[in-house]
Number of protein chains: 2
Amino acid sequence: MSNPKKVKIGLFGFGVVGQGVWKNIAQNRNALEARLGAELAITKIVVRDSARERTVQVPNEIISTDPATILEDPSIDIVCELIGGTSQALEWTKQALKQGKIVISANKALICEHGEELFKLAQENGGHYFYEASVAGGIPIIKTLREALVANRFSLIYGILNGTSNYILTRMEREGISFEATLGDARSLGYVEADEALDLDGIDAAHKVVILAYLAHGKWVALKDILCEGIRSISSDDIKIANELGYKIKLLGIIARDFEQNSLTVRLHPAFISKRETLANVDEVYNGVSVTGDVVGTTVLIGRGAGQDATSSSVISDIADAVSILQGRTSEARFAQDNPLEDSETLELSKPEALESRYYFRFKVKDEEGVLAQISHIMAGHHISFATVKQKELPDGSALIMATTHLTKEALVYSACEAIKNEATVIEAPVYLRIFDSEAYLT
Amino acid sequence: MSNPKKVKIGLFGFGVVGQGVWKNIAQNRNALEARLGAELAITKIVVRDSARERTVQVPNEIISTDPATILEDPSIDIVCELIGGTSQALEWTKQALKQGKIVISANKALICEHGEELFKLAQENGGHYFYEASVAGGIPIIKTLREALVANRFSLIYGILNGTSNYILTRMEREGISFEATLGDARSLGYVEADEALDLDGIDAAHKVVILAYLAHGKWVALKDILCEGIRSISSDDIKIANELGYKIKLLGIIARDFEQNSLTVRLHPAFISKRETLANVDEVYNGVSVTGDVVGTTVLIGRGAGQDATSSSVISDIADAVSILQGRTSEARFAQDNPLEDSETLELSKPEALESRYYFRFKVKDEEGVLAQISHIMAGHHISFATVKQKELPDGSALIMATTHLTKEALVYSACEAIKNEATVIEAPVYLRIFDSEAYLT
C-alpha cells in the first residue's frame, strides 16, 4: 500500500454525522487534500433506506442498502461506521476489520461494550480501529492523550462529557427552573437522544469514561462495575445552595489512578465543583476535559461535544491518520490507535463505596421540632459530620435540610441514607451529591 | 530505516529543558517505550561547559563540548536543539537538517527568524523540523492544529502565550499593586527571562504568534510587520476600570483570517477581554489558546506554558512522532510537520492600522475645568466617541480620565493620540488598549 494518490472511503450510515463528513470534506477539499497529499474519495455509502430525503446531495450510484458493496470492495481501505447501535454496527465492523481495513467509529456504545474484541480483531488482521469522534465530539482528547501527552502517565482525567446534561444544568442554574421544565425545552430543541436514559441517566457519558479509562490505563472496565448516576434527581434548590457555597453542579466523569496502590477509580455522577475550576465554567452544550499528567501538569480542553460539524471534524481527523498509514507508514506501536497507553494486568478497579469525599445532602422532612438534631445524630452515628447546614420551609408544611459534610467514606453515606430514609419524620429518601475536589486525587 | 528497535537521540544543550527531557524519559521509560515500540537512547549531549554541576546525573562519556559528536554520528537520527539563541543553534540545526536528521526544537526565536530556511532545508534533505515545544509549552497546539483539526480552516486563533506577562497581570489584578512592584517579585521568582524585553515587550509571545500564523496560514510574517506591544504601560487603574466594566486585561496574540478578502491579521498586544470568555480566566503562569475552525467551531486549550516538565512533555511528544517516522513511515504529506496547513501565495497581511475595534483610553491631564470637554472634542474630530467615561483626581493635582469608545479605526486612534498629546492640559501621552471581541472576527 505505497503512497496512494487516491484513497477510497466507504460510509456505513448517512445520517447527521455521515452527511457532515461528506459536506465538510467537500467544503475544504482543496486545503485538506493538499495537507494530506492524497485525494479523498467517498466511493460507497450504505444506508437503510436509499430513497430517504437528505440535505446533502450525493450521486445515486454510490448509495446502496447492501453492506457487501463496502465489505467486499477491496479498493476501499477506510470504512466509517456511522450508523450507531450495537448489532449491525458490530457485525459490519468485525467484517471490515477481518479484512484489514481501517475502521473509524463515532459509536461510543459499541466501543464500550465490544471494544476489547474489536481492537483485538484490528491488531490480528493488520487493520486499525480509530475512535476520536466517540468521546467529546470535536475535542481531540484521544489524540491528545495518545500522542501529544505520550510522555505522561495520568493520575487524573475528569470532564464534562455529555452536552445535553450540561445544557439542562446550565439552564436550571441560570433561570432557576426545574429539571422537568428544562428537559421539555431540551427535548423540543432535539438535544435529547431518542433513548433518554443515555443522556439523563449518564449512560452516554459513562460510555466515554470507559473508553478514556481504557486508553489511558489499558483496562476495560464494565459499565456495571462503575458508579453511574445521571442528573434526574438534581433540583433547583441543590443548584442554588451549590452557588451560595461557591460551587456549580456538573455531571462529571472521573478517572483517577493511584500509582502507588495500582488502583483505578472510574465514576460518572453529578458533583459539586468549585467555581474556581476551569471546567465549572464550561456551560451549555460544551464539553470539557481536564487531564493531569505526571510530566505536563494539568491541561484542559474545551469544545463542542456533539453536533454534525464538530463530530465530523474528528472523523475527518481519523481519516487523515488513516491516510498517513496508507501512505506507507507501518502499523506498529502507538500509531496503532487500538493500543492503550498502559498495560493493566495487575491494575485493580476501586469499588464505588471506597471513595473518600465531602458530600452535599438534601433531606425532605416533616417540619417538626428536633428533626435536624435527629438527622445530625443519625449521621454522626455513621461518622458523618456536617460542615454547613441550611433549612428551608416548603409550602406543603414540610422542610428541606440542605447540608454539606466534612470528608467521609461513600460506604458510610450509603448506610446513613438507609437508616435515615426509614425514619418517620423523613418524607423522601435523601438526595446526595459528591463534592469534587481535584486536589484530593492529586496528592 | 525500517523499524529500529533502538532510536538514538542527541541533545544540543543540557539546561533546564534538556535535563527535563532526560529526567522524564527516565521516569516513564517503561510506559513510553512500550507505547512507542522502541528503545529511546540519548547517546550524546553537547554542552558549552562539561564541568558544570547539573541536577540530573548522566554518564560522563556521553557529554561533550564538540558538536561534531552529534553532527558527524550517522547513528543519531533525532537531534534536539535545546540551547536557544539564534547563532550556534542556527548553525547546528542547519547542519543536522542537511544530513536528513529529524531536528526537534523549543527555540521560538530561531523558528520565527529562520523557520522559512530551516523548513525548506528539512524538506530538501528528507528530514524534519518539529517544534511542538516552541509554542505554549505543554499545550499541544501544534499537533492540535495540524492533525486533530486538519479538517478545518481557521478564521480566528487567539491566546495567552507568555506566562510571565500573565503572572504579572494576574498579581496586579488580584492585589491591586503596580506593574513595577509585581515585576520585582516575578524577577525574584526567576520568571523573567534574562533579556526582559522578551517577556515585557511581548516579543516572546510575538515569536509564537508568528509560528502559529505560519502553521495555520502558510505565510511567514516578519516581526517588524506586526503590531507587538507588551505590558509595561498597564497600570492598576486600567485593571480596576476593566474589572468594573466586566473585563480583564490579558496579553493576547491574535491571528485572524478573512477568507473572503484573503487577508490575514496578526497582532500581539494587551487587550480588554470579557470575563465571559474562557481565556479571560486563564491566570497566573498558565497559557491558553482559543481556536475557531470552520468545521469544529471553537476549541480552547489551557495548560502550563513554560517550565522544565511541561516543555519536555512536548519535546518528548515530538520525539515520539520522530520515532514513528523512523519506524517506516514515509516523510510525506502532513506528517511532514514542516509543511504549513495552507498555501499562502496570494494571502495579504493586514496593516495594524486597519483594525476596527473598541478601545480603552487613559489620559493624564491637568485637573482644570473643561478638560474632559476638550478631549472629547478632539476625539470627536477624529470620529471617535466615548461609550463610558470615568474621571479620577490624583494626589498631585492632576486627573485621570479613563474612557472606553464605540467602534472605531485604529488609524484614527493614532491620529487622535498625536493631536491630544500636544495639548497643554495633557500631562502624558495617552495610553490606550484595544477591547478584544472574538465575535467581531467571526462574522
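Two strands are said to pair if DSSP finds at least two bridges between them. Helices (H or I, at least four residues) and strands (E, at least two) are themselves DSSP runs, numbered from the N terminus. In this sense β14(B) and β18(B) pair antiparallel over five bridges, and within β18(B) the bridge partner of B:Phe361 is B:Tyr432.

The structure is a predicted model, in which local features need pLDDT of at least 70 and side-chain atom pairs count only at pLDDT 80 or more, while totals for chains, interfaces and linings use all residues. Residues are numbered from 1 along each chain as its sequence is written, and chains are lettered from A and ligands numbered from 1 in the order in which they are written.

Strand β18(B) has a further partner. Strand β10 (residues 263-274) of chain B is joined to β18(B) by three bridges, and the two run parallel; here B:Phe272 has B:Ile435 as its bridge partner in β18(B). A residue is called buried if 20 or more other C-beta atoms lie within 10 Å of its own, exposed if 12 or fewer, and partly exposed in between, with C-beta atoms placed from the backbone. Five of the six residues of β18(B) are buried, so the strand is largely enclosed by the rest of the structure.

Helix α14 of chain B also belongs to this region. The helix covers residues 410-421, which makes twelve residues, and spans 17 Å from its first C-alpha to its last, close to the 16 Å expected at 1.5 Å a residue. The expected span is 1.5 Å times one less than the number of residues. Its residues B:Val413, B:Ala416, B:Cys417 and B:Ile420 are buried. Viewed down the axis of α14(B), the buried residues fall within an arc of 105°, so they line one face of the helix; the arc is that of the directions from the helix axis to the C-beta atoms. An α-helix has 3.6 residues a turn, so residues three or four places apart point the same way. Contact is defined by C-beta atoms, placed from the backbone, that lie within 7 Å of each other. The buried residues of α14(B) pack against β14 (356-366), α13 (371-381), β17 (408-409) and β18 (431-436) of chain B.

Elsewhere in chain B, an open sheet of six strands has the order β3-β2-β1-β4-β5-β6, with parallel pairing. At its edges stand β3 (63-64) and β6 (128-130), each with a single partner strand, so one side of each is left without a neighbour in the sheet. Strand β1 (residues 6-12) of chain B has six of its seven residues buried, so it is largely enclosed by the rest of the structure. β1(B) pairs in the parallel sense with strand β2 (residues 39-46) of chain B over seven bridges, and B:Gly10 stands opposite B:Lys44 in β2(B). Four bridges join β1(B) to β4(B), again in parallel, with B:Phe12 opposite B:Glu81 in β4(B). Strand β4 (residues 78-81) of chain B in turn pairs in the parallel sense with strand β5 (residues 102-105) of chain B over four bridges, where B:Ile78 stands opposite B:Ile102.

The two chains meet in a contact that takes 54 residues from chain B and 54 residues from chain A. On the side of chain B that touches chain A, the elements giving two or more residues are α2 (29-36), α6 (141-148), β12 (297-304) and α12 (308-326) of chain B. The residues of that side divide into 22 nonpolar, 21 polar and eleven charged. In this count Ala, Val, Leu, Ile, Met, Phe, Trp, Tyr, Cys and Pro are nonpolar, Asp, Glu, Lys and Arg are charged, and the others, Gly among them, are polar. Strand β12 (residues 297-304) of chain A and β12(B) pair in the antiparallel sense over three bridges, and A:Val300 has B:Ile302 as its bridge partner in β12(B).

Chain A is assigned domain 1 (6-140 + 309-335), domain 2 (153-305) and domain 3 (352-441), with bounds that come from an automatic or database domain assignment. The C-alpha centres of domain 1 and domain 3 of chain A lie 49 Å apart.

Two loop residues of chain A deserve mention for their backbone. A:Asn262, in the loop between β9 (247-258) and β10 (263-274) of chain A, has a phi near 50°, a positive value in a residue other than glycine. A:His383, in the loop between α13 (371-381) and β15 (386-393) of chain A, has a positive phi of about 65° although it is not a glycine. A:Asn262 is exposed, with 11 other C-beta atoms within 10 Å, and A:His383 counts as exposed with 12 C-beta neighbours inside 10 Å.
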